[in-house]
Amino acid sequence: MDAMHLIHFQRTGHVLGALTVLTQNDSVMIDDVAEQGFYLRAGPDLIPNTRVLINRDHLALLSQDFRSSVMNRPQNYAVTDGLAEEQDDRGIVVVVDGVTVDITLPSFVSSATEVWCLIEGPMIEETIVRPITVPNASVLGSENLSLPSGTYTIVIFAPGYTVQFFTESF
Amino acid sequence: MATQILRPVFSENQILSSSDVNRIVNYARDARARHNRYQHAWGIVHGLELTAEDRTDDTGDYKEVSIQPGMLIDGHGREVLVSEAVRLSEDIFDQLNIEQSGSDIKYPVFISARDEEVTESATSIAPCSLGATSRISEKFDITFGRVGSELDLDKQTTLPVSDGVNRAGTWLVLIGYVGWENKRFDNIFTESNGIGLRYAGVQADDVAGVNDRLVLRSAEKTIEDKAALIIDNQNNGEMRFGIQDNLGNIVPVFTVNAKGDVNAEGKITGAIAGGVQIESGIISDGALVPLPPGITQAQLDSGEATAHIQLSPRFQNANGLPTVPANVLWQMTVLECYAEGRRVNCRVRWIRTDGLGALTLPGTCDFQISTFVKAEGGI
């Protein structure tokens with residue numbers, strides 16, 4: 001088993017899933033494994049069993065040498081310069097109140113950083129996927145986002161940190 | 001009124017006029033042009049490669065681009081012969097005013113046939129006819145097109161079937177592309193916008209061998225390691241595909257005989273009716289199990305093929321989980337592991353053996369997918 005394929009969020013490289021294929025390992029394409037999108041499990045400790053569908057358009061596939069650590073826990077990694085690197089799992093703080101989205105990172109960023117935010121809930125028809133910029137030398141990024149009252153599942157793809165999930169109600 | 005083709009005939013003591021003799025020439029030329037148009041497809045017959053030599057002068061480095069000798073047939077059936085290498089003219093390119101800004105731009109290079117009247121001394125008994133045209137020189141023009149003009153090559157005006165050689169109209173044949181920088185050529189290419197060089201072809205409904213065999217070669221017989229196909233009557237009828245050696249012999253990798261027996265030295269991929277195709281590997285929660293090569297989701301959806309997926313939870317080590325004391329372990333329990341269509345659902349719970357913590361995480365499975373393609377007519 002020489003190669004593994006990493007399904008990742010194209011904008012930030014966060015790995016969502018991984019696979020190996022025995023007979024045709026050199027010809028796997030993203031549509032072969034995520035043509036209808038990728039179901040990412042979300043929610044505190046995955047209970048309740050919430051899943052968020054990441055649209056195919058946001059996904060890409062990268063092949064690299066097999067590593068059991070990445071295969072076992074793909075969501076601890078992100079693709080950087082063509083290689084999966086383990087990410088910081090310290091907690092990010094997210095506040096969504098129907099008017100703004102505030103994201104607070106555990107550490108100051110050394111340059112303006114785009115944190116990608118995916119928001120899904122029964123009150124909105126389409127999943128919202130948008131970047132929130134954390135300015136240079138800051139930990140806080142904030143963007144206006146008008147949402148109707150309800151409960152939302154939020155997935156945060158912050159460069160340098162593991163993909164993180166939140167449930168917010170307002 | 002239908003156009004009639006007139007063939008000259010001669011009789012004893014007939015005085016031949018120049019038109020009679022010209023008709024002999026034109027009859028043959030027109031017949032050949034129609035043959036070229038309808039039994040062949042237009043394009044390069046031989047040679048005409050673009051070549052580039054590195055050059056340097058006061059203005060810097062550039063390429064001296066030339067067309068090598070060769071021959072082509074144009075869409076009017078005319079043959080164009082380039083008997084010696086011809087250098088492409090930067091002046092002509094510049095005067096066409098087709099340059100556009102940007103990098104790596106490819107400008108098409110075309111050849112078209114041109115007739116030029118030449119006055120040569122010909123034997124004449126009439127003094128007043130001295131100086132009349134007695135030869136037509138079959139020349140060619142080299143020109144350049146705007147970027148993308150190669151896409152219009154198939155929109156050129158064709159001739160009615162009864163026409164012979166079109167002596168006035170032009171037909172462009174692409175022979176390559178050039179790059180242009182600082183009033184000089186800086187590169188050559190053979191393809192742009194998916195449009196490459198077109199070589200002359202054959203148009204026929206029935207092609208028959210003459211020595212109990214028929215051979216199709218992707219290159220000349222003397223060029224080894226090129227793909228070729230042969231149909232002959234060896235072993236009561238065979239078709240063999242392979243690579244030709246330096247003697248032109250085809251070393252077969254695929255053979256089918258007249259009884260339908262197939263012998264392939266490589267892999268056969270794709271949906272094989274009546275066969276089972278299997279793929280296996282490791283996959284994490286949330287992804288779709290990849291189908292074996294040649295099997296598509298559309299085949300599954302239409303019922304043309306069926307898939308059987310087997311998932312087995314993969315018991316992993318606890319690397320990557322929070323650190324626990326030396327005498328404590330993480331123990332994995334499978335909460336769910338099944339395929340929903342092709343989608344993998346695998347969730348595992350990690351429990352500390354001291355009972356002081358637990359985590360639920362996406363899991364990983366070993367998978368095996370077996371697909372069965374129905375044979376035509378059912379089994």
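1. Chain A and chain B bury about 2,600 Å² between them. Carbon and sulfur atoms account for 44% of that area. The model is predicted.

2. The contact draws 32 residues from chain A and 39 residues from chain B.

3. Polar pairing comes next. There are 18 residue pairs in polar contact between chain A and chain B, both residues at pLDDT 80 or more. The rule also finds 3 salt bridges across this interface. B:Asp285 forms a salt bridge with A:Arg41. The closest N and O atoms of B:Asp285 and A:Arg41 are 2.7 Å apart.

4. Which elements give two or more residues to the side of chain A that touches chain B? They are β2 (15-21), α1 (30-34), β3 (38-42), β4 (50-54) and α2 (68-72) of chain A. The largest share comes from β2(A), with 5 residues. By type, the residues on this side of chain A divide into 16 nonpolar, 10 polar and 6 charged.

5. Now a helix within chain B. Helix α1 of chain B covers residues 18-39, 22 residues in total. From first C-alpha to last, α1(B) reaches 31 Å. That is close to the 32 Å expected at 1.5 Å a residue.

6. Which residues of α1(B) are buried? They are B:Asp20, B:Asp30, B:Ala33, B:Arg34, B:Asn36 and B:Arg37. An α-helix has 3.6 residues a turn, so residues three or four places apart point the same way.

How values were computed: Residues numbered from 1 in each chain as written. Chains lettered and ligands numbered in written order. Predicted model: local features only at pLDDT ≥ 70, side-chain atom pairs only at ≥ 80, totals over all residues. Heavy atoms only, no water. Helix = DSSP H or I, 4+ residues; strand = E, 2+ residues; numbered from the N terminus. Expected span 1.5 Å × (residues − 1). Buried < 20%, exposed > 50% of the residue type's maximum accessible area, 1.4 Å probe, protein only. Contact = heavy atoms within 4.5 Å. Buried area = accessible area lost by both parts, 1.4 Å probe. Salt bridge = Lys/Arg side-chain N within 4 Å of Asp/Glu carboxyl O. Polar contact = N/O pair within 3.5 Å; in protein donor to acceptor, adjacent residues only side chain to side chain. Nonpolar A, V, L, I, M, F, W, Y, C, P; charged D, E, K, R; others polar.
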